[in-house]
Amino acid sequence: MAETDTKDEKRGAADEEALMAEWAAMADEGDKGGDAKADGGGGGGGGGGEGDKGAAEWEAMLGGEGGGEGGGEGGDGAPRESTRVLNQDEIDSLLGFDEVHEKIAEKSGIQAILNSALVSYERLPMLEVVFDRLVRMMSTSLRNFTSDNVEVSLDNILSLRFGDYLNSIPLPAMLAVFKAEEWDNFGLLTVDSSLIYSIVDVLLGGRRGTAAMRIEGRPYTTIERNLVERMVHVVLSDLSAAFDPLSPVTFRFDRLETNPRFATISRPSNAAIVAKLRIDMEDRGGRLELMLPYATLEPVRELLLQMFMGEKFGRDSIWETHLAEELWMTNINLDAVLDRQIMRLHEVLNLKVGSQIMLNATPESRVDLKCGEVGMFHGRMGRKGTHMAIRIEGKGTVEEAEKAKKGKQASS
């Protein structure tokens, strides 16, 4: 038994010495890796890297334990940050790029901040009536122009800046610049490529049921430009007729451009109204866009702001009839002017009670009857019973009657 115990003790001592040598070897390797890391400037050996990783894992474990004990706080007692991750729908909603907000006019999120510098332009109720009237008139006039079944529809009416509109025009296209003569300003009519080829195909006898041939990448020919110009004249004539009940205006064709840079009729930052029309001719057709700057509509802004009932363009026949009937019952004052006297200011200031003013009138002189500053009649003064009376001899004042008499004598 004694020999056995001695052997076990020797064996345990040998195992302890082997374990200590193994620990010493690991410590030497760790020191060498740390020195290599320091000398290599960040390119340390494997031992140092493993030591750093182990230290980082121990720190993470300690932080987790501290957080668990602190009830939502880190190991040092500081509150932990939320690690909630936003999904794609929430990110789109935050940025204002989701499909729901794209379908409506109002923007949210960052888009609302970016568009906050834009001006919210007012609605013009009467302008919608004008465009509805234009659509009906164009349907008839374009049917007569093309001898085909033409349907015109109004897609929408937008308010945007002129520069943004020019950048949004899909090319190739034709831009017709026209001038409003009475308003002394310009407008723009954009005809897209599909409508151009459709009009050319219809006017030159293309077969029905076949789509218009489109040849992209080439400039428009003279025939195509002339045919589109004829259509633009028809549209401008209808536009003038549509505005006529509201305010007579003549839209005159100015020029036809294919480059938007040459069709600049306003500052890029100026506001404009764009009406997008859709023209369908059976299986052919295209889009027509009418752009009117707010500066062009400024002379008739007050008329466009008024509300309307039906198609009376702000007129109410019942009220007009009632007003006309009441005007006939209105009481007015007529003043009988015997004479006019021109006096100096100091003479007027020196007038006292008992002063006399000599008039250049006799009992036989004619007297003017005026309503305010408007001369109505003239006649002679007399008396009827106990009242003064004037017998009317003609319309207008005495001076007007004498001028008319002299004119007749000179002509005879």
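Biologist: Leaving aside neighbours within four places in sequence, which residues is Leu-290 in contact with?

Modeller: Leu-290 is in contact with Phe-131, Leu-134, Phe-178, Leu-188, Leu-189, Leu-239, Ile-273, Val-274 and Ala-275, where contact means heavy atoms within 4.5 Å. Keep in mind that this is a predicted model, where local features need pLDDT of at least 70, side-chain atom pairs count only at pLDDT 80 or more, and totals for chains, interfaces and linings use all residues. Residues are numbered from 1 along each chain as its sequence is written, and side-chain values use heavy atoms, with hydrogens and water left out.

Biologist: Where is Leu-290 placed, and is Leu-290 buried or exposed?

Modeller: Leu-290 belongs to strand S6 (residues 284-293). Strands (E, at least two residues) and helices (H or I, at least four) are DSSP runs, numbered from the N terminus. Leu-290 is buried, at 4% relative accessibility. Buried means under 20% relative accessible area, exposed over 50%, and partly exposed in between, with a 1.4 Å probe and protein chains only.

Biologist: How many residues apart in sequence are Leu-290 and Ala-275?

Modeller: They are 15 residues apart in sequence, and 5.1 Å apart in space, C-alpha to C-alpha.

Biologist: OK, nonpolar cores. Which residues touch the most other members in the largest one?

Modeller: Met-138, Leu-142, Phe-243, Phe-251, Leu-288, Leu-297 and Leu-304, out of 53 residues in that core. Helix H6 (residues 125-146) gives the most to this core, with 10 residues. A nonpolar core here is a set of buried Ala, Val, Leu, Ile, Met, Phe, Trp, Tyr and Cys residues joined through side-chain atoms within 4.5 Å.

Biologist: And what does Phe-243 touch, not counting residues up to four places away in sequence?

Modeller: Phe-243 touches Leu-127, Val-130, Trp-183, Pro-248, Val-249, Phe-251, Leu-292, Leu-297 and Leu-304.

Biologist: Switching to charges: how many salt bridges does the count come to?

Modeller: The count comes to 11 salt bridges, each being a side-chain nitrogen of Lys or Arg within 4 Å of a carboxyl oxygen of Asp or Glu.

Biologist: What does Glu-181 form a salt bridge with?

Modeller: With Arg-252, the closest N and O atoms being 2.3 Å apart. This pair links distant parts of the chain, 71 residues apart: Glu-181 is in the loop between strand S2 (173-180) and strand S3 (185-192), while Arg-252 is in strand S4 (residues 251-257). Glu-181 is partly exposed at 33% relative accessibility, and Arg-252 is partly exposed at 36%.

Biologist: Which residue does Arg-301 meet in a salt bridge?

Modeller: Glu-302, at 3.2 Å, N to O. Glu-302 counts as exposed, with 58% relative accessibility, whereas Arg-301 is partly exposed at 26%. Elsewhere, salt bridges that share partners join Glu-181, Arg-252, Asp-254, Arg-255 and Glu-257 into one network.

Biologist: Last topic: how much space lies in the second largest pocket?

Modeller: About 280 Å³. Of its 13 lining residues, the closest to the centre are Leu-338, Asp-339, Arg-340, Asp-368 and Glu-399. On a 1 Å grid over the protein atoms alone, a pocket is an open set of points where a 1.4 Å probe fits, with protein on both sides within 12 Å along at least five of seven lines, and lining residues have an atom within 4 Å of a point. Grid points are joined across faces, edges and corners, and the volume is the space filled by probe spheres set on the points.

Biologist: Which element gives the most to that lining?

Modeller: S8 does, with three residues.
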